[in-house]
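Reader: I would like to learn how to read packing and strand pairing in a model. Please take one feature at a time.

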Amino acid sequence: MRAAFFTEYQGPVEVQKLDDPTPENGGVVIKVMATGLCRSDWHGWMGHDSDVKLPHVPGHEFAGTIEAVGKDIKRWKVGDRVTVPFVSGCGHCPECHSGNHQVCDHQFQPGFTHWGSFAEYVAIDYADTNLVRLPEEMDFATAASLGCRFATSFRGVIDQGKVSAGQVVAVHGCGGVGLSAIMIAAAAGARVIAVDIDDAKLDLARELGAIDILNAKNCDDIPSAIRDLSDGGAHVSVDALGSAITSFNSVSSLRKRGKHIQIGLMTGDHAHARVPMDRVVAHELEILGSHGMQAFRYDAMIDMIMTGKLAPQKLIRDRVTLAEGATALMNMDNFVSTGVTVIDRF
């Protein structure tokens, strides 16, 4: 198969021919029809994720058709159209038994714990537990965009934040995660305030449902600005970037008894960021993480997509080849892209 891989952290990502994968007894091999380019892939390439072992094939947001099945597979057959959460549960540990596959004790993560989807084929373990059936009407590029950013935002906004109509939601960072969160919160009936440093991203945020936008380069005090716009603070605030500044601003912009949702990965010097704990205590704030979403929750998200309440395809701005995606991955920290980039030619 053709695949993009690297042999050293921060080294060249090259497209070459590698051996085709074979399924484990409880797994499948999927022919990749589309795969998203996500900042989490960049973190893996940088060496920020200890699960990534060299040499490595990145990629964790994808959709395709089943090419081969292991002998123990019961629910799936060759040819089925599927996607999979980027965090897949083993189905047997205490967390999985409680329904929280996204924090499985033995989780399988294509593109991190195992080779990923920047390839013509990808092997998936624990397939009966984790595969998600795709409607025939949903194109593969749209389905691929769901796997990490959109699904994680859906869980963060709907399941963790419990956002409802009439609430104010602030979203810090308008990359793929943030734009997904904006669209989902707006679909839930919330008034959304979007924060970024790029006017083009803020324009897209408004197009996707944000009512108010704030450019942090032109605002010295983002928390105060959000509290002023929202008459006291956001009910729910999302750090969709993952930095010491955005996480601090997110918590600080909440109204009393508000909820901070951390979706953006906190790595390196940001891993132990400062938290305004005085406000957390005095205002009874909640701090919650969102790390993927269980396969069984995809139905609720897909139903909203198929009825037109959500339109993740609007986030897709660029469709590139595998080689172009490999180059884009290495340049991702330049923040040059707007929306979601999908690889759909291998």
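Reader: Which residues does L179 touch, not counting residues up to four places away in sequence?

Author: Bear in mind that this is a predicted model. L179 touches C174, K201, L204, A205, L208, L315 and G339, with residues up to four places away in sequence left out.

Reader: Which residues have the most contacts inside the largest nonpolar core?

Author: The general idea is that in soluble globular proteins nonpolar side chains tend to be buried together. Here the largest nonpolar core has 50 residues, and those with the most contacts inside it are F150, V171, L179, I182, M301 and L310. Helix α6 gives the most to this core, with seven residues. A second, separate core has 28 residues, among them M1, A119, Y121 and A326.

Reader: A326 brings me to helix α12. Which residues of α12 are buried?

Author: Buried means under 20% relative accessible area. In α12, residues 322-330, the buried residues are L322, G325, A326 and L329. Seen down the axis of α12, these fall within an arc of 105°, so they line one face of the helix.

Reader: What do the buried residues of α12 pack against?

Author: They pack against the strands β1 (2-5), β2 (14-17), β3 (28-37), β14 (316-321) and β15 (340-345), and against α1 (39-46).

Reader: Next, the strands. How many of the six residues of β9 are buried?

Author: Five of the six residues of β9, which spans 191-196, are buried, so the strand is largely enclosed by the rest of the structure.

Reader: Which strands pair with β9, and in which sense, parallel or antiparallel?

Author: Strand β8 (residues 168-172) pairs with β9 in the parallel sense over five bridges. Four bridges join β9 to β10 (residues 212-215), and these two also run parallel.

Terms used
Residues are numbered from 1 along each chain as its sequence is written. This is a predicted model: local features need pLDDT of at least 70, side-chain atom pairs count only at pLDDT 80 or more; totals for chains, interfaces and linings use all residues. Side-chain values use heavy atoms; hydrogens and water are left out. Buried means under 20% relative accessible area, exposed over 50%, partly exposed in between (1.4 Å probe, protein chains only). The arc is that of the directions from the helix axis to the C-beta atoms. Contact means heavy atoms within 4.5 Å. Two strands pair if DSSP finds at least two bridges between them. A nonpolar core is a set of buried Ala, Val, Leu, Ile, Met, Phe, Trp, Tyr and Cys residues joined through side-chain atoms within 4.5 Å.
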